[in-house]
Amino acid sequence: MLIKSVLSKPIWKVLKSQIRLGSTTPINKIGTREVVGFGTNGEPTYIDDVMFPYPAVRFREITPDLKALREKERGDWRALSIEEKKCLYRVSFCQTFEEIMAPTGEWKKVIAAALICISVGIWLHLFTTYMTKDPNGFPITFGEERQRAQLKRILDLKMNPITGISSKWDYEKGTWK
């Protein structure tokens with residue numbers, strides 16, 4: 001029955017009466033804001049977007065001052081002043097196309113984040129290059145004593161005794177096989 005009544009109306013009336021899913025009552029207002037269209041995905045939401053220039057909900061709520069202006073709007077538009085026309089526009093929309101398309105300055109944040117990452121990388125490189133090496137330019141672990149200590153530790157813990165270094169050590173004789 002509801003579908004028949006919706007299909008019998010012209011499309012602009014269907015769009016104006018936004019039917020809530022699962023309900024038989026149309027949504028004409030959200031709070032005191034008027035629902036005037038279908039929206040980007042069928043939901044009565046407001047968003048300023050160039051791809052969907054007509055939001056489903058008016059931007060501002062209707063006040064008594066705006067009601068008087070809306071009544072005046074029904075008459076001759078030449079009688080309206082420029083300020084009144086701008087006010088009527090701002091009731092329905094938050095931003096103009098120029099304001100939507102204006103640069104936001106977000107590129108500055110991206111550049112700043114990239115420079116911070118690069119500087120952290122440089123500091124880490126300098127730290128690992130100059131702080132963890134001995135005066136000869138090699139890392140500390142490249143020293144002969146450290147390599148012997150590491151080999152002794154591997155043999156003592158019997159790491160990878162099947163195919164690794166520990167498999168080539170004879171534990172009973174204490175020599176290499």
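## Order of helices and strands

Read along the sequence, the elements of the protein chain come in the order α-α-β-β-α-α-α-α-α-β-β. That amounts to seven helices and four strands. The model is a predicted one.

## Burial and contacts

The protein chain has 177 residues, and 15% of them count as buried. Its accessible surface is about 14500 Å², with 63% belonging to carbon and sulfur atoms.

Among contacts in the protein chain with a separation of 6 or more, 29% are between residues 24 or more positions apart.

## A nonpolar patch

Part of the surface forms a nonpolar patch of about 1200 Å². Its residues are Trp107, Ile111, Leu115, Ile118, Ile122, Trp123, Leu126, Phe127, Tyr130 and Met131.

One of these residues, Ile122, lies in helix 6, which covers residues 106–131. Ile122 has a relative accessible area of 47% and is therefore partly exposed, since the range for that class runs between 20% and 50%.

## Salt bridges between separate parts

Side chains of opposite charge can pair when their charged atoms come close. The model contains eight salt bridges.

In one of them, the side chains of Arg58 and Glu34 meet at 3.0 Å, N to O. Arg58 sits in the loop between strand 2 (33–34) and helix 3 (64–73), while Glu34 belongs to strand 2, so the pair ties together parts that are 24 residues apart in sequence. Arg58 and Glu34 are both buried.

Another salt bridge joins the side chains of Glu84 and Lys72, with an N to O distance of 2.9 Å. Because Glu84 lies in helix 4 (residues 82–92) and Lys72 in helix 3, this pair links parts twelve residues apart in sequence. Lys72 is partly exposed, at a relative accessible area of 37%.

Is Lys152 buried or exposed? Lys152 is exposed, because its relative accessible area is 53% and the exposed class covers values over 50%.

Some salt bridges share partners, and in this way Glu34, Arg58, Arg70 and Glu73 are joined into one network.

How values were computed:
Residues numbered from 1 in each chain as written. Predicted model: local features only at pLDDT ≥ 70, side-chain atom pairs only at ≥ 80, totals over all residues. Heavy atoms only, no water. Helix = DSSP H or I, 4+ residues; strand = E, 2+ residues; numbered from the N terminus. Buried < 20%, exposed > 50% of the residue type's maximum accessible area, 1.4 Å probe, protein only. Contact = heavy atoms within 4.5 Å. Areas by Shrake-Rupley, 256 points an atom, 1.4 Å probe, with all protein chains shown as cover. Patch = residues over 30% accessible without salt bridge, like charges linked within 9 Å, V, L, I, M, F, W, Y side chains within 5 Å. Salt bridge = Lys/Arg side-chain N within 4 Å of Asp/Glu carboxyl O.
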